Amino acid sequence: MLTYAGRRVLVSLPVLVVASVLVFALVRGVGPDPAAKYRDSRDPHAYQEARADLGLDRPIVVQYGDWLGHFVVGQWGESTDTGRSVSSEIGSALWETLQLAFWAAAVSAAVALLIGTYSGTRTGSAGDHVLTALAFAGLAVPTFWFGLVVIHFLGYELQQLLGTDQPLFYSVPVDTGGGPVEYFRHLALPVLVVSVQLVAGWSRYLRAAMADTMRTDFVRAARARGVPRRRLVVRHGLRNSLTALVTTMAVDIGALVAGLIVTEKVFSIRGMGTVFLDALGAGDTPVLLTWLMVAGAAVVVCNLVADLLYAVLDPRVRLA
Amino acid sequence: MTDAHHRFEPEIAGASPAGSAGLLEESIDAIERARPDLEPASRRRAALHRFLRRPLAVAGLVVLVVLALGAVFAGVLTPYPANPDLTDPAVLAEARQGPSLDHWFGTDTVGADQLTRVLFGLRVSLAIGLGTALLSTVVGVAVGAIGGYYGRWVDSVLMRGTDLALLLPTIAVLLVVADRLGGSIPGMIVVLSLLSWMPVARIVRGEFLTLREQPFVEAARASGATGRHIVARHLLPNVAGTVVVFATLLVGFSILTEALLSFLGAGVEPPAVSLGVLISDAERTAGTSLAYLLYYPGIVLFVLVLAVNFVGDGVRAALDPHRRS
Amino acid sequence: MSATPDTPLLSVRHLAVELGSDAHRVEPVADVSFDVFPRDALGIVGPSGAGKTLTAHALLGILPEPARVRGEIELRGRSLLDRSEAELERIRGRDLALVFQDPSTAFDPVATIGAQVAEAVRVHQDLPAPQVDDRVLHLLGLVGMADPRARAAQYPHELSGGLRQRAMLAVALANDPAVLIADEPTSNLDAIAQAQVLDVLARIREETNTALVLITHDLGVIARAVDRVLVVEAGRDVETAPVDELFTAPRHPCTRSLLAAVPRLDGPGRGGAARGAGGTPVLAAEGLVKEFPVRAGMFRRVVGHVAAVADVSFTVRPGETLALVGESGSGKTTTARLALRLLEPSAGRVRFRDEDLTAASPRRLRALRRHVQIVFQDPAASLNPRLSVYETIADPLRVHRVPRADERRRVGDLLELVGLRPEQASHGPHQLSGGERQRVGIARALALEPQLLVLDEPVSALDTPNRAAVVELLEGLQRELGVAYLFIAHDLGIVRRVADRVAVMYLGRIVETAPAAALYDTPAHPYTQALLSATPVPDPPRERARRRIILAGDPPHPGDPPSGCRFRTRCWKAQAECAATEPELVDRGRGHLVACHFPEPEA
């Protein structure tokens, strides 16, 4: 098991290195020009000087090496837009995003588990049909639009209905400083919006897996031994279906770090997504480079966790 | 929005890590399914029957046809232009009107008729959705087939490459690229296909690897068949079903992604109209009386993708009757 | 009301299982009745599709949703059909136990064997943990496992088929059930493993009070293991008799056809003139070796090799059948593929007539492929599900660019040759039975008029009647077309009818080769003797009287073969010399070769 884990970790390192090449190529190749600000300046030499200052006249490979060298020791430079250090920009943004991602993942996992198990063990029932229709709806709904609609209804309309002076659920982060209730009111709507998609996808996956698993010979054989229904579903059915589901979840969660761009915009959360949009708009290359690396690293780490979880859960993988 | 591609894989390629359903189940299924009174001889007709027996799929198809017709005839169905002359005071006078008989979806802050704009937006959505699915599928199948059949280092390179590319967050990459290349419909198709072909390639490659080991492929090799013959005659036809199902899902996914990019301002540019742009324009109306500007484009987008997904589910059920769901 | 030797423990009356809707009703089980008495041994036998498995599942009430059950099932006088699910859960595994057909899918893949046996115990008995553990070890020992503690800690996929089957028996016996129903317990196993399982069943009958109901399509197994027999056909019971009587005086035509289909070790061999005595052999394998790399450690470095095939040589003469027999793991399947060069040998050569197949260029290889073809074991997987019967058979012709008109004619001829109807040409594989699919595979293999057909366990996946029919077909084809066969099988009973010469493989080597008659009458190698002993003979009195050689355990892992003679770890004759040197194949005369330090003396 340890060698399996060790091997997976070792494989990840070169992946990150190659990812850095891709990131650099993408940002410098297709992305904004780091010296763009100076292009329309009155001083005709300003642009050239800016380029020289930023080292943009050196061969691209040298620039890459230079950047990578600084990157791996944690020198991520400063934002050309705000002037703050990239690490503090991304650090605080990451913290915001991680909170949202965590709660959304936790809520979604719990709900998807319940729905998926129910649907998977009662395929074709009325309840299953309703849940299936809901899942399809959840997968079809555009998150950005849904977010706005939710803000309108659960923020504005609800407030009108209840006649309060504050909306019940905030649509923007409000630093009122206090307690879990405030925290909940602040995060409720964004978590709801993100969860809809996650729950829809995960519950479908689990449903398919459970439906298949409950029809296998070994579940029937366990039933033939007199194993009671609940244990059949949980110990044999879920246990076997979870393996694949958990890895999907891990991968999805890894993608959340970068995947909440729109939700954060709609809810005005100062997270990774907003930082990215600002950096893109301002041609803030240092931030963009680090941002993509962080996002990529998150995916790599979560894929690694997924692989390890799979090995823990499925002895056939572990002992191969 | 998160990466939804692989989320659909289990329902296509088989979710169960525990193995297939028991022998008894299968023989019972076989008996249940063998209904001589209903089963026509031809395979294709049988698949069609299976599709038609699912009410949701049929409903989805009907809705899709209606929407497609609306999109195709967008300029003709309404008396208003998509981008009205903003200097015309008559136009401005119509601004900010809620839904009425003259303007079924109302008008926006500058007086443009929303129904017209939504129909044109539908056109863009459908064109980009279908175009992306087609391009991604063609490229993905080609790459996946080569990697899956010829194996070894070709396959390794391909897989490592797509793994790496999939590492980077889709939306972020797309935004960066769309900034430069996007703007036109063909441009958007190319941009979106850049990342969408990879899951197709993986699926095709995965299936090829499994199929390659099957005795009937060995039999073909034993007959002296060339690689091309085996791929064309034995492998591709057996992945066709899976690919078609994934392609339909890709349509829905591409439509949503395009809308997303347009919402963020990185999608199609005026004078083209996108549903995403409409929603973006209406962003600030949440919490006001103009909120109706928000509903219609979003609902139409939602219904479009829902219909596409139902049709995709129907196609899956039609092509692969062995799956229970 | 407990059962005495006169009153039945389990009583089934007019059992029926119904599927489908009102518009289209099917009754795979229509009318089955039988009784099971305490310490009974009842065999339920019939062709596949007769509804035997459905009957067993109906007894336990575990049929899937769409199925409806009619009739009466009484356990100890009380009906089972009107009980609640909770009551049935108490009965399942405790009074009635069922052993499933396919051991590879009947275990939860993520739990150890020990845990699953323990679960069976804990569901019905409230015992403290150490006692549960003891019981688990006891059960695993009861079913003949050499190292129960080690086995209990292993996962199902780590065990061989035979061991898994025995583990299933252990699970079923966990609570000393009154009735044990074993559904085709030996159908997926090769000869030695089958003998081991039957031995365990015999021991269970002796040492416990459990009544046994054995479901099978193999009358050979029936002859060995049961006292009474119920014959089922198309969902109805058609004959019931004590086992001796069934074999000597069968009454129903179904019984008679089942009996006729059983391959007999003592039956007629191929007889006739020695085939292909002169001339160059059609196929000659010389010193074939196939090694697979073993990777271990963090970097997946190649740490060693497993020789699936270690120095195999044989010849097949024109028009004759060479049978290659061995257990799973013997390397016979790999050898089959090497013979066709579907796998590249690590060393050694294969000659087709005068040409070296192994050294042929890709172009020459393609041309040569016409002459050597293969038929596979699994009828379902050997046909492309998307091609019709016609297209499958025509495929090799298309590959070699045969003109369309000729192709049509040839396919028509082939269909007739293998006994399929012309209208089946447009059918897809899913519309055919297992036997029919295999016929299609044979037709495809014959399309290019090969001189040699490699048959990789062509009938192992079929039930007895189908097996006999296909073997008969193969025999007829050989007579008519003069094609040679390399017939791979795991049990000597199957090849009795078709083999001219037999080669026995063990752990990658050939240990004995002989003309068929000599091998069956005077086997020289102890392994051959064990194989012959393991094959049941459909003659109950003789079966009961036979001296049985039961080999313990499983064959060693090919990656770690014993020193010297590979068979010595399971051989009752093993001496010091056997561990020291590996025996070479020695010619005893008349084409009989043995590799053993202490072969049976010549008659």
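This is a predicted model: local features need pLDDT of at least 70, side-chain atom pairs count only at pLDDT 80 or more; totals for chains, interfaces and linings use all residues.
Residues are numbered from 1 along each chain as its sequence is written, and chains are lettered from A and ligands numbered from 1 in the order in which they are written.

Strand S19 (residues 501-506) and strand S20 (residues 509-515) of chain C run antiparallel and are joined by six bridges; strands are DSSP runs of E with at least two residues, helices are runs of H or I with at least four, and both are numbered from the N terminus. Two strands pair if DSSP finds at least two bridges between them, and in chain C eight strands form an open sheet of mixed pairing, in the order S16-S17-S18-S13-S19-S20-S22-S21. Strand S16 (372-375) and strand S21 (586-587) of chain C each have a single partner strand, so one side of each is left without a neighbour in the sheet.

Helix H15 (residues 434-446) of chain C lies across S16 and S17 of chain C, and its direction is at about 175° to S16(C), where axes are lines fitted to C-alpha atoms, for helices over the stretch in contact, and angles run from 0 to 180 degrees between N-to-C directions. Contact means that the C-beta atoms of two residues, placed from the backbone, lie within 7 Å.

Chain A, by contrast, has 13 helices and zero strands.
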